[in-house]
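Dear colleague,

I am handing over a structure to you with this email, and below it I set out what was found. Please keep the view open while you read, so that each residue can be looked up as it is named.

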Amino acid sequence: MTKARLLDIGVKPYREVWALQRALHDAVCEEREPDTWIVVEHLPVVTLGRQAKREHLLLSAEAFAARGVDVVEIERGGDVTYHGPGQLVVYPIRKMERFREVVPLVRSLEAAVIKVCASFGIRAERWDAHAGVWVGCNQICAVGLAIQRMVSLHGIALNVSTQLDYDRLIVPCGLRDRGMTSLSAEARRPIAVSEAKAVLLEELARTFDVEFFPAMAA
């Protein structure tokens, strides 16, 4: 079992956490810091990955700004994604020995989320055509990573109690024929982010054979 630092930073604007990710990524690359996992909820934001298409944004820049939704182009893979309150986001900043570990990393993240869903009585699964975790045709967890200098950044976004009308803002992940769901919607009861967080962190620790130790962000 290895040890990794855990930063649970509450609710934060996306750009602030993105800058923190970049700083920690550099530190892990240079072996000044151990592997670090960030846990956060974001204020409303739309992020555009490397494969994003502008037509998957359904509002103008002015309309997004009027609604208080930031729009940010980032270096992760994938298309367009929404983050907001009620969504549990985890960013593993994790050193890898070889590039062929990338796909197993994605699959392990998916597997952990599938087990979390099962603990709430929800049958979830992978979809071979697209990374993430799905309940039927609806995505419950998005997965998007970047690997630079053999260290990962970005990660997973699990809908816990998220408002599910964000398809009015974007075409999530560029998939027009798929919808979104959440733990609360599927369990048919309110599930707090704190409740889901405890279960997810326990499952991630088991899946990755890691012991998290809490730390404060610099």
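Does R206 count as buried or exposed? At 51% relative accessibility, R206 counts as exposed, where buried means under 20% relative accessible area, exposed means over 50%, and partly exposed lies in between (1.4 Å probe, protein chains only).

Before going further, please note that this is a predicted model, in which local features need pLDDT of at least 70 and side-chain atom pairs count only at pLDDT 80 or more, while totals for chains, interfaces and linings use all residues. Residues are numbered from 1 along each chain as its sequence is written, and side-chain values use heavy atoms, with hydrogens and water left out.

Salt bridges

The structure holds 14 salt bridges, a salt bridge being a side-chain nitrogen of Lys or Arg within 4 Å of a carboxyl oxygen of Asp or Glu. R206 takes part in one of these with E203, where the closest N and O atoms are 2.8 Å apart. Both residues lie in helix α5 (residues 193-207), three residues apart, which is about one turn of the helix; helices (H or I, at least four residues) and strands (E, at least two) are DSSP runs, numbered from the N terminus. An α-helix has 3.6 residues a turn, so residues three or four places apart point the same way.

A second salt bridge joins R22 to E75, with 2.5 Å between the closest N and O atoms. This pair links distant parts of the chain, since R22 belongs to helix α1 and E75 to the loop between β4 and β5, 53 residues apart. R22 is partly exposed, with a relative accessible area of 25%, whereas E75 is buried, with a relative accessible area of 16%.

R126 is partly exposed, with a relative accessible area of 36%, while E110 counts as buried at 1% relative accessibility. R107 joins these two residues in a network of salt bridges.

Helix α3 and the cores

The 18 residues of α3 should span 26 Å at 1.5 Å a residue, and its end C-alpha atoms are 26 Å apart, which agrees; the expected span of a helix is 1.5 Å times one less than its number of residues. The buried residues of α3 include V102, L105, L109 and E110. Just after this helix, G121 takes a positive phi of about 80 degrees.

The largest nonpolar core has 39 residues, of which W37, L158, L183, L200, L204 and F212 touch the most other members; such a core is a set of buried Ala, Val, Leu, Ile, Met, Phe, Trp, Tyr and Cys residues joined through side-chain atoms within 4.5 Å. Helix α3 (residues 102-119) supplies the largest share of this core, nine residues. A second, separate core of 18 residues includes L7, V40, V45 and I93.

Strands and sheet

Three strands form an open sheet in the order β4-β3-β5, with mixed pairing, where two strands pair if DSSP finds at least two bridges between them. Because β4 (70-73) and β5 (80-83) stand at the edges, each with a single partner strand, one side of each is left without a neighbour in the sheet. Strand β3 (residues 45-48) and β5 run antiparallel and are joined by four bridges, and L48 stands opposite V80 in β5. Helix α1 (residues 14-29) packs on the sheet and touches β3, β4 and β5, contact meaning heavy atoms within 4.5 Å.

Elsewhere, strand β10 (residues 151-159) is mostly covered, as nine of its nine residues are buried. Strand β10 pairs in the antiparallel sense with β6 (residues 87-93) over four bridges, and with β9 (residues 138-148) over eight bridges. I156 in β10 stands opposite V90 and is also the bridge partner of V143. In the hairpin of β9 and β10, which has two residues between the strands, R149 takes a positive phi near 50 degrees.

With best wishes

Note on methods. Axes fitted to C-alpha atoms, helices over the stretch in contact; angles between N-to-C directions.
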